[in-house]
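Hi,

Here is the structure I promised to pass on. Have a look at it first, and then read my notes below.

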Amino acid sequence: MPRMSDKEDRRDDDGDSTTLLETRTKTQRPPLYKVMLLNDDYTPMEFVVLVLERFFGISHAQAFELMLTVHKKGLAVVGVFSHEIAETKVAQVMDFAQRHQHPLQCTMEKE
Ligand code: TYC
């Protein structure tokens, strides 16, 4: 989007050229983070489906499809969140997998 530069040449009341200093307001979006699931040979497919339903609010059918994508491609993005939410999702998945003694890995990466 075009925006005003810091300095703009304007005519003042007397008509002479003056340089006005302006404060520019640039809206910053917070960075977003992709949360990814990694494939492995041991975590049961049903467990991955449950993780996607429970922690990512994905329907059973969509979760099954996404699990198969991870299984076939090695990894997939399962959600995009703010840093704090992404960190929480990763921690929840890793903790849940560990408590069930599955080697499932979940990571995050800046978009
Ligand atoms: N590859 C696993 C199996 O065949 C299933 C699986 C899918 C594991 C996705 C992890 O993120 C994963 N049991």
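Leaving aside neighbours within four places in sequence, S82 is in contact with P31, L32 and Y33, where contact means heavy atoms within 4.5 Å. S82 and L32 are 50 residues apart in sequence, yet 4.9 Å apart in space, C-alpha to C-alpha. You'll find S82 in the loop between β4 (75-81) and α3 (83-99); helices (H or I, at least four residues) and strands (E, at least two) are DSSP runs, numbered from the N terminus. S82 counts as partly exposed because its relative accessibility is 29%; buried means under 20% relative accessible area, exposed over 50%, and partly exposed in between (1.4 Å probe, protein chains only).

Before you go further: this is a predicted model, in which local features need pLDDT of at least 70, side-chain atom pairs count only at pLDDT 80 or more, and totals for chains, interfaces and linings use all residues. Residues are numbered from 1 along each chain as its sequence is written, and side-chain values use heavy atoms, with hydrogens and water left out.

How far does the predictor trust the chain? The average pLDDT (the predictor's confidence in each residue, from 0 to 100) is 87, and 81% of the residues score at least 70. Over residues 1-12 the pLDDT is below 50, though this stretch has 27 contacts in the model beyond near neighbours in sequence. Where pLDDT is low, the predicted coordinates should not be read in detail.

As for the overall layout, the protein chain has 3 helices and 5 strands, and along the sequence they run β-β-β-α-α-β-α-β. Of its 111 residues, 27% count as buried. Among contacts with a separation of 6 or more, 60% come from residues 24 or more positions apart.

Now the charged pairs. There are 2 salt bridges in the structure, a salt bridge being a side-chain nitrogen of Lys or Arg within 4 Å of a carboxyl oxygen of Asp or Glu. One of them joins the side chains of E109 and K34 (3.2 Å, N to O). E109 lies in strand β5 (residues 105-110) and K34 in strand β3 (residues 33-38), so this pair ties together parts that are 75 residues apart in sequence. Both ends are partly exposed, E109 at 40% relative accessibility and K34 at 22%. There is also a salt bridge between D95 and R99, with the closest N and O atoms 3.0 Å apart. D95 and R99 are 4 residues apart in helix α3, so about one helical turn separates them. D95 is partly exposed at 37%, whereas R99 is exposed at 56%.

On to the rings. A search of the whole structure finds 3 aromatic pairs: rings of Phe, Tyr and Trp (its six-membered ring) pair if their centres lie within 6.5 Å, and planes under 30 degrees apart count as stacked, over 60 as edge-to-face and the rest as tilted. F47 and F96 are stacked, 5.0 Å centre to centre with 15° between the planes. Since F47 lies in helix α1 (residues 45-56) and F96 in helix α3, the pair ties together parts that are 49 residues apart in sequence. F47 and F96 are both buried. F56 and F81 form a tilted pair, at 6.2 Å and 40°. F56 is buried at 13%, and F81 is buried at 19%. Ring pairs also link F47, F55 and F96 into a cluster.

Cheers
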